[in-house]
Amino acid sequence: MFNNGAILATPPNLEIAQSLTQQGFLQLYNGQSEAALKAWQSAYRAYEQLNNKQGMNGSLINQSLALQALGSYANACQVLTQALALENRICPHALKEQTNSYQILSDLKVIFQKKPIQNLQIIGFSNLANVFRAMGEPEISYTILQYCLTFAAQLQKKEIQDNLLLNLANTEVMLYNQAKSKYQLTDDFTAQKKALILAKSKFDTAQKVYEKLSNSQSTVSLQAKLNWLKLLIDNTSIQLSQYLPLNDSVSRLINDILTNLKQLETLSKVDSIYSKLKLSHNLLKISQSNNLKVKQFTDNNLQSIALSLSQEALASANTALASIMRYTRLKYKYF
């Protein structure tokens, strides 16, 4: 592992830059987001010495992944605008800051109409869409992802397309939740009806995308199943549930996920921890629901599995925390 602080003391070297990039991915996979950020910042400086523009932009996009993992969405947005050569005025500086959505959408439309975007830019814009969704701007996120899917289809890159589709479905869920809230909070009949129609549309779209990805050999198939399951379980008590064969869908998903539980270990450490906790929470909700029953599993079975998943997540979190503490001690020793 490279001492990031010593990088600039060495001659420009493509191998060092590439090794730092891989080091960052390994650290992010293991939940060491701050270490990954520093590795990618060092990779950026190494690529900068080589005047390698693609490497520099790739390092900035990678940095945005670490910043998102750290919850620093405003900084992630700023880094992405630099990588994508966008005006940084499109970024809110805080989660609750008001944005001019219309102006941002207009600016992005002009950018996308200028010329097709390539693989690296698609990945960058996809990350930007995730940042906007996390900052409470799902409409901007939705627009970016739609443009990206258009270009990704032309490039015929299935892995990129599948990741974009998963992000799009997640954005549709956020738009659905907003419409559902309007439906539940307003007393105006016309507004209620309009909100319900929009909510149903977004719900159906998200469900179709999750189902498509769940039935594929995609690398995001497991995440799609978990997100789809959560969407179904969270909405058993509202009017939309009349459109859904809930028990059949939930039973099929639970059986599929529990049959392939080992797939959770293929995720990054942080994603694996959150996925186990999410699944555990949903299993408990099913076991406590009067409306949902899962074929082949009793309530006690589901509660037992939920407890086991929670314990595994806790053990993994403790291991990840110990690893972060070791990195922190090394950082203060060498820097």
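How do the residues of the lining of the second largest pocket divide into nonpolar, polar and charged? In this predicted model, the lining of that pocket comprises 12 nonpolar, three polar and six charged residues.

**View 1. The second largest pocket and the residues that line it.** The space in the second largest pocket amounts to about 440 Å³, and the pocket is lined by 21 residues, among which Leu84, Ala85, Leu86, Ile111 and Gln121 lie nearest its centre. Two or more residues of this lining come from each of the elements α3 (53-69), α5 and α6 (119-134). The element that gives the most to the lining is α5, with five residues.

**View 2. Packing of helix α5 against helix α7.** Helix α5, which spans residues 101-114, packs with helix α7, residues 138-155, at an angle of about 10°, and their axes are 10 Å apart. Angles under 35 degrees count as roughly parallel, and α5 and α7 are therefore roughly parallel to each other. On the α5 side the contact involves Ser101, Ile104, Leu105, Leu108, Lys109 and Phe112, which meet Glu139, Ile140, Thr143, Ile144, Tyr147 and Phe151 of α7. Classed by residue type, the contact of α5 with α7 has eight nonpolar, two polar and two charged residues.

**View 3. Crossing of helix α4 with α6.** The axes of helix α4 (residues 73-83) and α6 cross at roughly 155° and come within 10 Å of each other. Because angles over 145 degrees count as roughly antiparallel, α4 and α6 are therefore described as roughly antiparallel to each other. The crossing in which α4 passes α6 is left-handed. Tyr73, Ala76, Cys77 and Leu80 of α4 make this contact with Gly124, Asn127, Leu128, Val131, Phe132 and Ala134 of α6. Eight nonpolar and two polar residues take part in the contact of α4 with α6, and no charged residues do.

**View 4. Packing of helix α9 with helix α10.** Helix α9, residues 189-214, and helix α10, residues 221-233, pack at an angle of about 145°, with a separation of 8 Å between their axes. Here too the crossing is described by its hand, and α9 passes α10 in a left-handed crossing. From α9, the residues Phe203, Ala206, Gln207, Tyr210, Glu211, Leu213 and Ser214 meet Ser221, Ala224, Lys225, Asn227, Trp228, Leu231 and Leu232 in α10. The contact of α9 with α10 is made up of eight nonpolar, four polar and two charged residues.

Technical notes: Residues numbered from 1 in each chain as written. Predicted model: local features only at pLDDT ≥ 70, side-chain atom pairs only at ≥ 80, totals over all residues. Heavy atoms only, no water. Axes fitted to C-alpha atoms, helices over the stretch in contact; angles between N-to-C directions. Helix = DSSP H or I, 4+ residues; strand = E, 2+ residues; numbered from the N terminus. Parallel < 35°, antiparallel > 145°, perpendicular 65-115°, else oblique. Contact = heavy atoms within 4.5 Å. Nonpolar A, V, L, I, M, F, W, Y, C, P; charged D, E, K, R; others polar. 1 Å grid on protein atoms, 1.4 Å probe; cavity = no way out; pocket = protein on both sides within 12 Å on 5 of 7 lines; lining within 4 Å. Points joined across faces, edges and corners; volume = space filled by probe spheres on them. Left-handed = near helix turned anticlockwise from the far one by under 90°.
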